[in-house]
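Subject: Structure handover and findings

Dear colleague,

Please find the structure below, handed over for your use.

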Amino acid sequence: MSAKAITEASGKDILNRHLNTHGAGAATCRFATVNATTDWSKLSVDQPWLLTTPLVVKPDQLIKRRGKLGLIGVKKNFEQVKQWIGERLNKDQKIGNAVGKLRNFIIEPFVPHTDAEEMYVCIYSNRAADTILFYHQGGVDIGDVDAKAVKLDVPVNSTLSLADVKSKLLKEVKDAGTKERIAKFISALYTTFVDLYFTYLEINPLVVTADNLYILDLAAKLDSTADFICRPKWGEIDYPPPFGRDAYPEEAYIADLDAKSGASLKLTILNRNGRIWTMVAGGGASVIYSDTICDLGGASELANYGEYSGAPSEQQTYEYAKTILNLMTSSPKHPDGKVLITGGGIANFTNVAATFQGIITALREFQPKLAEHNVSIFVRRAGPNYQEGLRRMRDFGSTLGIPLHVFGPETHMTAICGMALGKRPIPQAASVEFSTANFLLPGGQQAQADLKAASEAGEVLGSDEGDNSASVGGAHRNGSSLNRKFFSNTTKAIVWGMQQRAVQSMLDFDFICRRDEPSVVAMVYPFTGDHKQKYYWGHKEILIPVYKKMSDAIHKHKEVDVMVNFASMRSAYESTLEVLEFPQIRTVAIIAEGIPENMTRKLIIEADKKGVAIIGPATVGGVKPGCFKIGNTGGMLDNILHSKLYRPGSVAYVSRSGGMSNELNNIISKATDGVIEGIAIGGDRYPGSTFMDHILRYQADPETKLIVLLGEVGGTEEYDVCAALKDGRITKPLVAWCIGTCASMFTSEVQFGHAGSCANSDRETATAKNKGLREAGAYVPDSFDTLGELIHHVYGELVKTGRVVPKEEVPPPTVPMDYSWARELGLIRKPASFMTSICDERGQELIYAGMPISEVLSKDVGIGGVISLLWFQRCLPSYVCKFFEMCLMVTADHGPAVSGAHNTIVCARAGKDLVSSVVSGLLTIGDRFGGALDGSARQFSEAYDTNLHPMEFVNKMRKEGKLILGIGHRVKSINNPDVRVKIIKEFVLENFPACPLLKYALEVEKITTNKKPNLILNVDGVIATAFVDMLRNSGSFTSEEAQEYINVGAINSLFVLGRSIGFIGHYMDQKRLKQGLYRHPWDDISYVIPEQYN
């Protein structure tokens, strides 16, 4: 939702900070807010005027007509205000059909004034202008303000003059001085309204006394999508729920997820104790499911409204599903059990299998509670990879222990609602349609060309060529900018944004439509330099240029007349304005959701001036079967083939919802000969083009025989269609349905998934629109459930009367499938290039050898525990993890003189980077320096395993002329022991269950130190032998595994990891000391030069 109501306190706070900077001359609004946690003593200290001024008190919870309802206390002192609030705080209050608790109040000074000093001011935005209402008599008894007030429309992107305010709004204000003051106030108020992205601002009354202007009661809405622009000016804004519906922490949690995600996640709790819960994909689909449930008598038991869409990740879907399941199973049990409807239309680009995996994970987690609450689950979904998603859901359902019914696109979208509510039978075995895109076999490219030639010769599919010069009737709101065909089979487009998947989807659509050339000729992406991007055309690879500047792309591709704009909500406005400067661009599709309304309205004005058609914002786009499609419209190739979008039909549709446009493709393909064009105008309050813009194009197109309109609650555009039906501008049969009929059944206001789907008056309700359309002559079904049947009926009449002559169907064209997608669908297999068994980053969270990273942290396994997981694929005993950590600490460094540290220091002083310097030190590790652990482990193990007496082992090594690795030290000796060895040795002897190899090595040390005192068991030796003892005697490894780790050199890893810490320290130390390039001194080098012979 974009236009969101704010509390009176928030609105007055904003006006206090900004209104008078524009010369309003208004008194500062003094107020205090109170709720159940308020400390009254502290409040009176912070706001001392509360003790000295007569007060006004009222609830601040988006309640209209508080005065009429007796919810305003006037001229009370502080103690009386406390009593007044205490009598109402947390008490139930009925307002209309809504029952809620009064929790938040606002206290203000009482302003003495007469009724004659009360006035009314309101500003609200609409598509082409901002409307200012003024009436010279305000207050609770104002009555029908729409009929009484004077109106002044200020066109979008224009300024308001004081002269207009005085002459058009203030005619009834006779005093010249008062008129001047009010005019300046209204002018400043309007400037603030525009600058701060208000969408509604009502003051009733505005009190105008002889010396000041006071804002008494205020109601306001902000365009929440402008948060990224206005946050510094707004401050932190809380958007309260409508009265009668409490704000739940779960709603706030989902709202936070939504704000941090590129996807759309919405949740509204309607009845915490309800038995019917929904988890629906898609903004339009979510409304339709709610409609159907209410139509079937389930309104009182509907627990929630919400939607997830925009390709949420598996983790995001899991979090969303977990939240709903927690709500569902934490409320009281229901005697009839509960139902969970997991539905959705046919997705355009959301990977159904991935999102279902998140839902399955949540269901598995809540399985015992779901069974306890006797929950039945009904699933219907389609879209990319839906076959795999439904298979996973069915397989999981067989193990869940509760009823789980799964359906795909073969089942009408809302049929599962009737099944869940017991209104229609549950099919024992659904006729599942398992299909995916056809493969293009070798030689298929030529076969494609042959089939195209044959179809053109026989006119099997029909041709659009004869329509290119056809006169398109109908009137556009500003001339003839839409009185033309948008797309043909030669349309060329530029795509703004690095949307590789969407571009490939457009090219694949071109290919199966048998276009001669790709529709996408260039891309624009300002964040990279000019280059070329590789894509597929059939099975061939082609290069599409990517430009940094829009001007370069336009000038180099004169044939382009369409831009598909994938810019984000922050940059879509500027990028669209830029492209409007180029006259060759005739159509712009804006995909982004969340563009501030002021920006959208300015774009509409500019586009009208230039004669450019805008589709969107907040849309998936549109499709012209056999010709062109925008971005991800139509979904994956299997759905395009299934819905027969590769060739034109006879039915054109226009919808607000992008997700529902795909469902319409499916419905129309089943009920008729298919779609000839479909446009999703977008879910925002002010779409760039309207229903009528497109319906009049369809009316003028001789190939279009039947028109379908899918409207929704909110706005009044559908009434323009009613008028056109009545006055004869629309003569072709029109099947129409407006979604959102459930809104009137809810006791409190619900904002549905689209920004524009909220009724601000009875006229904007879906029920009123459907009635108006039916009365105007449109075909209107009883519910969305029967929309397909009605379309089929009307189409059948057209066929009977000869107005539609079905063409001969041709086999669907073949198309290659991307390797990555074919593999995801499980159609092919290929040996993996890599195998791993220690870590998996693909799921909801990182996993170390089977342990989620959250558990790694919560169990505090430490670095030693992480080593045990990643090196040994298991959780080793705590004493082993402690041993690892001790080894890392004692081997971390041994001063700057050793070869590894020396190399690191030299590299650091030569100006090399961290990685290069550390690697140069690591490369010195070997048998002579630090890397003797593996060799030591092998030597001692072989001696011990072959039962050599320690003296025999020493003699054997001396006879073979080999050093005993792990024995000997340059500085330390039996008389000057190495403390590091002592610490590790004592820990191992005390904590390891057995350490025979270490004891064997200590016996060897006794022999070697008798010969020379510095031939002690050194750090390498003690770690190596203790490591082998751990492998063999901890009970965590088989003997084969233990020997394998010794053979692969795993023991040396502790020294490598530990010493890396020291090398990094030396690097940082040299940089910190700013040491220069190192040059070894001459006097430390012995120059041995050969004799010269003459």
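Proline 205 is found in strand β11 (residues 198-208), where strands (E, at least two residues) and helices (H or I, at least four) are DSSP runs numbered from the N terminus. A cis peptide bond, with omega about 5 degrees, joins asparagine 204 to this proline.

Before the remaining findings, the conventions are as follows. This is a predicted model, in which local features need pLDDT of at least 70 and side-chain atom pairs count only at pLDDT 80 or more, while totals for chains, interfaces and linings use all residues. Residues are numbered from 1 along each chain as its sequence is written, and side-chain values use heavy atoms, with hydrogens and water left out.

Further backbone features

A cis peptide bond also joins glycine 616 and proline 617, with omega about 0 degrees. Proline 617 lies in the loop between β26 (613-615) and β27 (622-624). Arginine 514, a residue other than glycine, has a positive phi near 65 degrees; its place is the loop between α16 (500-512) and β21 (520-524).

Domains and annotation

The domain assignment, whose bounds come from an automatic or database source, gives domain 1 (3-234), domain 2 (249-425), domain 3 (484-617), domain 4 (620-804), domain 5 (828-875) and domain 6 (892-1073). UniProt, in an unreviewed entry, places the feature "domain: CoA-binding" at residues 486-595; UniProt positions are given in the numbering used here, feature names are shortened, and annotations may be inferred rather than shown by experiment. Over residues 486-595 the chain is 25% helix and 29% strand, and the end C-alpha atoms are 24 Å apart.

The interface of domain 5 and domain 6

The C-alpha centres of domain 5 and domain 6 lie 28 Å apart. Five residues of domain 5 are in contact (heavy atoms within 4.5 Å) with nine residues of domain 6. The buried area, meaning the accessible area (1.4 Å probe) that two parts lose on being put together, summed over both, is about 620 Å² between these domains, and carbon and sulfur atoms give 69% of it. Trp871, Phe872 and Arg874 supply 87% of the area that domain 5 buries against domain 6, more than any other three residues.

Across this interface the rule finds one salt bridge, defined as a side-chain nitrogen of Lys or Arg within 4 Å of a carboxyl oxygen of Asp or Glu. Arginine 874 forms a salt bridge with glutamate 1041, the closest N and O atoms being 3.3 Å apart.

Salt bridges in the whole structure

A search of the whole structure finds 47 salt bridges. One of them joins the side chains of lysine 166 and glutamate 180 (2.4 Å, N to O). Because lysine 166 lies in helix α5 (residues 162-169) and glutamate 180 in helix α6 (residues 176-195), the pair ties together parts that are 14 residues apart in sequence.

Yours sincerely
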